[in-house]
Amino acid sequence: KNSAKAVEKELVTCSLQEKEKTAIDRSQIFQIPQRKDLETKVIVVLGKAGMGKSILVQKICQDWSNGEFSQFEFVFWFDWKQISLPEKRYSLKELLLEFFVKPQEGSKEIFEYILQNPAKVLLVFDGFKGLHDHENFPHCSASQPEKDLCSIKELLSGLIQKKILNGCTLLFTARPKDKLYQYVSKVDKAFEIVGFSPQQRELYIAKYFEGSSYCESALELIKECEYLFSHCYSPIMCRFVCFLCETVLEMGEKSLPSTLTEVFLKFFQQKIMLMQTDVTTTQNQESLATLARIAWCLGEKHQSAMKSDLLPSKEVKEFALRYGFFLPFASPRHSDSEEEEFGSTFSDFVIQNFLCALHLLLAEELKDKNLTKYLSFLSKKKKPYNWLDLMPRFLTGLMFLQHDSYFCSLSNEDAKQSIKKQKTLLKNIRRLQINNLCPERLLELLRCIYETQNNYLLQHVALRLEPDLSFLGIVLSPPDVHVLHSILKRSRKEFSLDLRNSSIDMQGLKALVSLRNVTSFRASLSDTVRLWKSLEQTKDYELLKASTEKFVLDPFKAKTMKDISDLCDLVELQEKMMNCVQGASGFTSYEIPAIRNLRKLEFALGPACGLQGLLKLVKILAAFPSLQHLDLDALSENGIGDEGAKSLSEVFPTLTSLETLNLSQNKITDLGAENLATALPSLSSLKSLSLYNNNICDFGAESLAKVLPAMTSLRVLDVQYNKITGVGAQQLTDSLRKCPHIKNLVMWNPTIPYGVLEHLQQLDSRISV
């Protein structure tokens, strides 16, 4: 059990939600400062399925072949789903020089050179999936890399543990929610691909239809369907939407489907039906049902590839390859006498998701009641089933499209059964306690309900949403924002939204805060300031004023230098806005309400940036007229020291509303205490002052004792865990007699003899031991 707990502590989950979005060049990916060349480097590229991770690593390989990334003499690229088949075993030599590339001669010499020059080797594992059985994770025992056969998990373990090829560079691509390796105690660099901006979507669509007579009409048609255009932030979805748009225009139709389910229903219908005859209809339906069952069986195991000889029939294999649902690949042979093995993998993740939903709907062994367990918002499981994250949306969407002619052409589903499943879903959603759902499940409910396009369900959910909606830490993609926006519009309630750490883009934030029934919102400060600057540039002063009045900042916790910079930007923006809003609205003065109403500010930058951050913060503290609580105590200790204390004391006269000041655990000495004491009386509203666990001695205690009578608003003073002796304690006690307004003095110090402190407490009961 102890070893299992130790393993869990080593797990690393990469989260980039709090990082700033920025464009980087491919050449920067491998730049790792302050890293020894002799150590293995681990780089991770995160991104949802279909975001272009594979395209990125393929481009890196192409760039390398054209002379870039000259630090690497060898680059090996592996598709994780192909090399991670459970029954496959490799030696390192086989993996590199048999699976990836087969040198015609000199393979032994090449492999020896690789072993001797690991820093010149880049290994790319594309589509890496986290392991779920952490406790039984295999250790690598490959003492002879050219001979010993291991599973891919064992080989990768050896690479990361630096037992094999120590000094090489490992580049993984993975989905954001996948846990990386238990042995990756430190990822050297991590990036996340967040998809296309609206401008990039338009560029992709224009390039797709370049030279076509449909070029202008295609972009216009896709942009008219806002939901589909929002899905185009994902490159793979953008490709599907363009393909479908091209088909629709060629057929002379004038509109696109309104949901993702309809898009893929029509995609499958177009793929299959164009070449179909009456004779092959039944055969295709059977092949599709079998392929859907395979998709589900693999999906349950978090897999998308299998050996070709495990396919149930030649007809199913030919069907899948003919229509592009499968892609073939070859596996290496352990010896020249062995036959080459072939495998098949789903051409992309979305197709597998759609087929999984189709299987759940068509499978005779699944009763209508059992379907609900695959919908995370109805499931009783603590952790939603999210590897096939599009499957629940397709499943609910298909339930409401079973009378569609396209659906009927793909299946022979019994009409009565389909109606029964639909009624079961309706019944479950009516019973659902929507206000009890966690944010993640609520968002999944909204996504699924939107796919049904059922007015009753959409209205039912909209009317039952809680007024306070928090999506704190839940990634909101452009389609998620569209769904949330459309459902909130249906409600007559007023809403307060928490969108912090949601990675929402500027267009999405603008859409939500412009809703009349969204009366207040919290969002990343940098995103909010970026939105306001954009509105200022476009001179949309009406929305600028309305959104600033809705924005809530209190309480604000600064954890990074970026948080301080964002706060400074906010104050700077207010000064600019005063002129803009006054000119546009005729107001004589204007303050951003969030600045005016900030009452509590927590500062937790830690020792590395504590002093630097505070010196920057004190320059703008005067801009917050209602600030009542300033907390500079952090678990990691800010360590602002005497310089920070002096800098802070200089702005005390401007903090007229401050009631609580917490300076605990900040390495403040007598010098800092003296500077503080000089300025403390100017804090006319101060009720509580904590200097807990600093380095204040008797001289500092004496400085504080002298000003206590002048601090007429003070009620509580905490100076415990400093270095005050009986002398300093006596001075504070003497001063306390002149301070009837003080209710409590917390003064226990290890340097004060217990008898002395007990005696002082008997003299004045306000002293706490």
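Let's start in a loop: Pro555 sits between helix H24 (541-550) and strand S12 (556-558), where helices (H or I, at least four residues) and strands (E, at least two) are DSSP runs numbered from the N terminus. The peptide bond leading from Asp554 into Pro555 is cis, with omega near -10°. Before going on, keep in mind that this is a predicted model, in which local features need pLDDT of at least 70 and side-chain atom pairs count only at pLDDT 80 or more, while totals for chains, interfaces and linings use all residues. Residues are numbered from 1 along each chain as its sequence is written, and side-chain values use heavy atoms, leaving out hydrogens and water.

Most residues other than glycine have a negative phi, and most peptide bonds are trans. With that in mind, look at Glu637, whose phi is near 65°, a positive value in a residue other than glycine. You'll find Glu637 in the loop between strand S14 (629-631) and helix H28 (641-649). Gln665 also has a positive phi, near 55°, and its loop runs between strand S15 (660-662) and helix H29 (670-679). Are these two buried or exposed? Glu637 is partly exposed, at 26% relative accessible area, whereas Gln665 is buried, at 16%. Here buried means under 20% relative accessible area, exposed means over 50%, and partly exposed lies in between, using a 1.4 Å probe and protein chains only.

Now for the sheet. Five strands make an open sheet in the order S2-S3-S4-S1-S5, with parallel pairing; two strands pair if DSSP finds at least two bridges between them. Strands S2 (74-79) and S5 (189-192) stand at the edges with a single partner strand each, so one side of each has no neighbour in the sheet. On average, neighbouring strands are turned by 15° against each other, direction ignored. Inside the sheet, S3 (residues 121-128) and S4 (residues 169-174) pair in the parallel sense over 5 bridges, and Leu122 stands opposite Thr169 in S4.

Last stop: a pair of helices. The axes of H30 (residues 698-707) and H31 (residues 726-736) come within 8 Å and cross at roughly 5°; axes are lines fitted to C-alpha atoms, for helices over the stretch in contact, and angles run from 0 to 180 degrees between N-to-C directions.
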